[in-house]
Amino acid sequence: MEALTATRPQPAAASGALLEVEDLHVHFETSHGVVRAVEGLSFEIGRGEVVAIVGESGSGKSVTALAIMRLLPRLTGRTRGRVTFDGKQLLDLDDESMRELRGRDISMIFQEPMTSLNPLLTIGLQITEPLTIHLGMSDAQARARACELLSLVGIPDPESRLDQYPHQFSGGMRQRVMIAIGLACNPKLIIADEPTTALDVTIQAQILELMKDLSRRLNIALIVITHNLGVVARYADRVIVMYAARMVEQGEAEAVFHRPRHPYSMGLLRSVPRLDRPRGSRLETIEGLVPNLANAPPGCRFAPRCPFRIEICAQEPSLFLTDTGALSRCHRHAEIAENKIAWAAADAGTLAVAAEHGAPLLSVKNLTKHFPVRGKLAKKGAVVRAVEDVSFSIYPGETLGLVGESGCGKTTVGRLILRLEQPTAGEIAFEGTNLLTATAGEMQTIRRKIQVIFQDPYSSLNPRMTVRQIIGEPLHVYKLAPTRKAADERVGQLLSQVGLRPELGERYPHQLSGGQRQRVGIARALAMEPSFIVCDEAVSALDVSIQGQIINLLEDLQRRLGLAYLFIAHDLAVVRHISMRVVVMYFGRVMEVADRDTIYREPLHPYTKVLLDAAPVPDPTVEKARAPRLIKGELPSHMAPPTGCVFNTRCPIASQECRETIPPLEEKRPGHYAACIKI
Amino acid sequence: MTIAAPSVPETGTRPRGAALEFIRQQPLGAVSLVIIVIMMFAGIFSPLVAPYDPLNIDFASILGAPSWEHWCGTDAYGRDICSRLIYGSRTALVIGFTSSFVGSSMGAVLGIASAYFGGKIDDWIQRFVDVLLAFPLIVLALVVVAAFRRFVVGGVDVNLILAIAIPIIPRVARVVRAAALSVRVMPYVDAARAAGYSHTRIIFRHMAPNVVAPYLIMLTAFIAQAILAEASLSFLGLGVTEPTAAWGLMLSGNAADFYREAPWMILFPGAMISLAVFAFNLFGDSLRDFLDPRFKV
C-alpha cells in the first residue's frame, strides 16, 4: 500500500469542493415529447466524501451520473447547467480533454459485473489499458501496478489471475476487478451506479466494506447511486434523495434517516421492511405511481401522492434549509420538524400467524434435481446438483419463505413444484396426490390450483397480448366463464381485485408501469382460482414504494381467498415480513427451517447467522454500531462441490468432521430444524 | 441505467381503421403495398389489362424497340413484352408468393416446435434440417420435381410450388428456431406451461406471435428467391415452360443472346423482379413494425 499512498501527496485536507453541480438539467427528446429527466439539480462533493443518491427508477439518478461523465446519447440528450470538477467546467470541455479526464480523474463502476467486462480480453489487459493510455506507463510498470491493484481489492494470487479471462471469475470477483479498474489511475472521484445490486447479500457486504475502506484510505470521493436504503446507511456521509427528476432532500445521512424533512423521504423510509425492528402487521406504503416525466404535474412533484398536500403545494416549492441542516423541497418542512404532521400508521390488520396444522396442502419429500452437464470438456455423467434432498410442507393459508443466495436452488425448487422441470428423485404431493405419478387428467385439475408469480414484470407477460387477453385466457381455456360477456366481467373483477382500473384491460404490457404489470401477473394467477401460488422473487424487481403495495396486496388476497404461498426471495427483510415459516437454503440443501420469529431472533445454523449479519439495515446509527462480521469466500463451484457439509468451506466453526459427514436436517428444538452437527 | 420509461397514455388508443392506421404509421410500407396490389390486380385481370395476347407471335415486329404500340418493346418472336410482363405477374405471384409462404410457414412451425420441445425432438429436427441444408436450393428443388408426379390444380403446378417451398423450410426453420429459443425461456411461456395450456396453444398463441419478426423478414426475402428459383427451373425445362409468360423465363430464355440488339428484353423483366422483391421486402418490414404492439403509443 506504500506505493499507492506515495502517488497521492495530500491524502487528507479537504480543500473546497471537488465536484460542484449547479442547476443541472437533462432533457431527452423522444417521439413522445421532451422528457425532463433531471431538473435544477445542485450539489457539492468534497474530497474523500461519500455521497449517496437515492431514488426510485426514473427519478433521474443514473442520468445525473451519466451527465457528469458526459456519457449521455449525443443525439437525444440535452444537458444544461454547470458541472465544476477540480476547477474545470466539465460541460464546456472539448471531447479530447473530457476523454482524458474520464478513467483518470473520474471513473465509473456499473451495476452489471457480468457484462461490463470484455469477455475476450484477459483481466490483466483490461486493468492495464487505462494505465498505459492515461498515465503512459510501460507494459511492465502497468503489470506491476495491476498486480498491486488486484491485491488491494482482495483478489488472492493476483500474478496468475491477471492472465485469466472474465468467465473464470465469479460475480463478486468481477465486481472487485471493476473496482480495481476504477482505481487504476488514482481517480479523485468514483461514481458507482448500483454497484452491489446484482450481488448476493454476503458478497454485497464484502464489496461495500471494500469500497468504504478504499475511499477512506485513498481519500477518494464516492458517489453511490442506489435504490437500497440499507446500502446507503452503511456507506454514506451525505444523502441526496431524488424524486421525479428533482432533488427533494439533501443532508447528512444521520439527519435524513432519523429526522427526514420531506414527506417522500419519510414515506420511503417507512415502506422498507426492516430486520432490526419488530415486524409490523402491514407494510406502510406510498400510494400512487411516480409521475410521467413527459408531462409532469405543475407544482410539487410529490403532491399527488402526498398525504399532507395543501393548497400551496400546487406551487413549485424551492429548497428550504431545515432545522437539521438539510435541504428539503417541501413547503411544510417546518411543520414536519415540529412533529405537527406525520404519516398515519397503516391500519393494524391482523398479524398473520402460522395456520393450525391440519393436513399439509403441499408436501415435498427428498426432492432432488440434477442437471446433466453438457459440453465437450464435461466428464460423462457429470451433473450439477441444483437441489439435493429437500423436504418441507406448506399448510393451507400459510406463507412459507424460501431464502438463499443465487445458485442455492431456491428457484429450481419452485420450478419443480410447478412441474416446469422434471425432478431427478423425490416426491411432491399436492392435496394428497403425488404430482409425479398423477394422470394427465388429475394433473390438469392440479395445475389450475398451483399458480406462479414471476420476478420480472417485464418479461412475464406476453408482449403481443392485451391485459384483457392475458387475464382472460385461462377463463377461456378452462371454460371458467359461460359467455364472452361473463369472461369480460370476470376480468374486470380480477383487475379491481388487484387494484387496477378495469379500463387498463385494453392496454398492452409495455404501456404499464412495473408495479401495474406485477399486478396483472397476480390477476392472471388468480384467474385460475388457485389455492397455492409460488411467488418467485415476486417483488425484488420493484421499487421500494411499489414493493410495499404489492406485498400488502398479496397478504390481503391471502386473507380473503385463503391462499398459500411459497415465497422465494433473497431479501431477508421482505421474507421475514411476509412469511410465517422460513426455509433457508444453501448450495442445493436446506440449512434451517423454523417459524419466522424464531429464525430471525435466534438462528441456529452458522449460515443463517451469516446471512442475517450481512443484510444491511436502513439506519446509519445501527450500521455504524455493527461490527462488520464478514463471511470469507464465495459460493463453491458446482463443478467441484465440497465434501461433507456444503457450507464447510465458508463456515466460521467448521472442523475436520464437517468435511467428512453430511449433516442431516434434525429437529434441534421443537419446530426448529437445522442441518449442522455443531449445534 | 434507469431512464424514465416512455410516456404511457392514459387510455389505450385503438386504431379505428387498421388500413388507415397502417398508412399513417408506415407510409413507405403503404407505397410498397400499393405496388403489390397493382401487381395482384394485373395478375388477376391480365386479359383485361394487357394490350396484346402475350402468346401472339408477330414476325413483323421482331425485337422492336419500346414505342407507342409496344411500351416495353417486343421479343425475338415479336411478342409484346409489356403484355408478357402483365401475364407474368400472375405466375410470379402464384409460384413465388405461394411457395415462399408455404415454405416459410412450415419452416416456422418446425423451428418453433424444435425450440419448444427441445431435447431429442430438437436434435432430430435439427439433423433433418442439416441434411436438407446440405443441398443447394436449386438441387433440392430438382430432386423434388423429379421425385413427384406433375400435379396441376386449376392451371397451377402444385409440384413446382412444393419443389420451391421444401428447400425454403430448413432455412426458415433454422432462423426461427434461434429466435424461438430466446422466447422459450421467457417467463410468460413458463406461465403458460404452469397454467397447463396445450402445446398447440403455447406454440401458436404465445410463441409464434413473438417470432413473427424473423418470420416476416424470411418470408419476404424468399419471395424473391422463389421467383428466381422458378426462373431457373423453367430454364432447365422443369418449371414453367415456354410459351407461358413468366419473368424468370423472359430473363433466362434467349434474351441473353440479344442483349446488344434488344436490351429491353432483359431490362424490363429484370426491373419487374427487382420491383416485386423490393416491394415485398419493404412491406414485410413495415408489417413487422406495425404488428408489434411495442411500436405503438
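A residue is called buried here if 20 or more other C-beta atoms, placed from the backbone, lie within 10 Å of its own, and by that criterion 42% of the 297 residues in chain B are buried. The model is predicted, so that local features need pLDDT of at least 70 and side-chain atom pairs count only at pLDDT 80 or more, whereas totals for chains, interfaces and linings use all residues. Residues are numbered from 1 along each chain as its sequence is written, with chains lettered from A in the order in which they are written.

Chain B contains 12 helices and two strands, these being DSSP runs (helices H or I, at least four residues; strands E, at least two) numbered from the N terminus. Along the sequence their order is α-α-α-α-α-α-β-β-α-α-α-α-α-α, and the C-alpha atoms of the chain fill a box of roughly 75 × 50 × 35 Å along the principal axes.

Within chain B, the axes of helix H6 (residues 137-147) and helix H7 (residues 158-184) come within 8 Å and cross at roughly 140°, where axes are lines fitted to C-alpha atoms over the stretch in contact and angles run from 0 to 180 degrees between N-to-C directions. H6(B) and H7(B) are therefore oblique to each other, a class left over once angles under 35 degrees (roughly parallel), over 145 (roughly antiparallel) and 65 to 115 (roughly perpendicular) are set aside.

Turning to the contact between the chains, chain A gives 39 residues and chain B 28 residues, two residues being in contact if their C-beta atoms, placed from the backbone, lie within 7 Å.

Terms used. Buried ≥ 20, exposed ≤ 12 C-beta atoms within 10 Å, placed from the backbone.
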